[in-house]
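Trainee: I have a structure here that I'd like to talk through. Could we look at it together?

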Amino acid sequence: MSLLNCVAIIVFGRIQPLEVITRVVFDLDTLVIQLPTPFILLGDFNGHSTLWGSDVTNSRGRQIEQLISNNCLCLLNNDEKTYFHEPTRTFHSLDLAICSPTLLPLLHFTIGSDLCNSDNFPIIVSYADSGGAIQYPPRYLFQRADWGNFMQLADITESMVSTADITEAVQNVVNCLINAADNTTPKCFPRLRKFRRPWWNEA
């Protein structure tokens with residue numbers, strides 16, 4: 001069975017601004033613990049954070065960030081605005097799509113262009129079809145590596161790490177190790193894994 005055929009999708013309405021933040025986050029934490037995985041949470045969380053495209057981060061936004069971090073969840077949102085505040089004629093990002101990590105590479109997030117007589121744009125979470133398969137990177141066959149030659153090639157010199165920029169020094173070391181591995185260790189290329197398209201019955 002495809003992973004997308006057994007996803008729990010939870011949709012809820014707007015979390016009101018005056019609701020106690022700690023209680024809301026506690027309720028969401030409790031919900032996440034009880035949900036079978038994988039799952040998707042969709043709703044108007046009514047919190048601002050630069051993580052999902054807001055100009056500032058408020059207290060509720062920080063609590064939602066903590067919810068995502070504590071439960072090892074993934075945010076599908078990009079920087080698209082999801083809410084239109086008519087009195088000020090401004091756009092904001094309040095509606096979020098949060099999912100289990102296993103779903104992140106399989107889903108695509110977009111925002112509809114029609115408000116449909118609402119102040120929230122439709123959230124569209126669709127199947128990210130990449131030709132029906134996922135390409136995995138090649139893997140080193142360490143059991144067939146020439147370790148003697150690797151040790152000679154993986155020579156980290158003082159000049160590599162004596163640069164003023166620490167990022168450059170790290171990259172020099174990484175490049176040296178990758179070059180040594182590429183020249184002494186064979187690779188295998190995993191076959192593409194096909195994913196079945198999601199389907200729903202009439203129940």
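This is a predicted model: local features need pLDDT of at least 70, side-chain atom pairs count only at pLDDT 80 or more; totals for chains, interfaces and linings use all residues.

Trainee: Happy to start with the overall picture: how many helices and strands does the protein chain have?

Mentor: The chain has 203 residues, and buried residues make up 33% of them. Of its contacts with a separation of 6 or more, 65% are between residues 24 or more positions apart. As for the elements themselves, the count is five helices and 12 strands.

Trainee: Thanks! What share of the accessible surface belongs to carbon and sulfur atoms?

Mentor: The accessible surface of the protein chain totals about 13,000 Å². Carbon and sulfur atoms contribute 56%.

Trainee: Which residues form a nonpolar patch on the surface?

Mentor: Let's begin with Ile178, which lies in helix α5, residues 166-184. Its relative accessibility is 41%, so Ile178 counts as partly exposed, and patch members need over 30%. The patch has about 340 Å² of accessible area together, and its residues are Ile166, Val170, Val174 and Ile178.

Trainee: Good to know. Is Cys99 buried or exposed?

Mentor: The cut-off for buried is under 20% relative accessible area. Cys99 has 0%, so Cys99 is buried. Cys188, by contrast, is at 26% and therefore counts as partly exposed.

Methods: Residues are numbered from 1 along each chain as its sequence is written. Side-chain values use heavy atoms; hydrogens and water are left out. Patches are made of residues with over 30% relative accessible area and no salt bridge: like charges are joined within 9 Å, nonpolar side chains (Val, Leu, Ile, Met, Phe, Trp, Tyr) within 5 Å. Accessible areas come from the Shrake-Rupley method with a 1.4 Å probe; for residues, only the protein chains shown count as cover. A salt bridge is a side-chain nitrogen of Lys or Arg within 4 Å of a carboxyl oxygen of Asp or Glu. Helices (H or I, at least four residues) and strands (E, at least two) are DSSP runs, numbered from the N terminus. Buried means under 20% relative accessible area, exposed over 50%, partly exposed in between (1.4 Å probe, protein chains only). Contact means heavy atoms within 4.5 Å.
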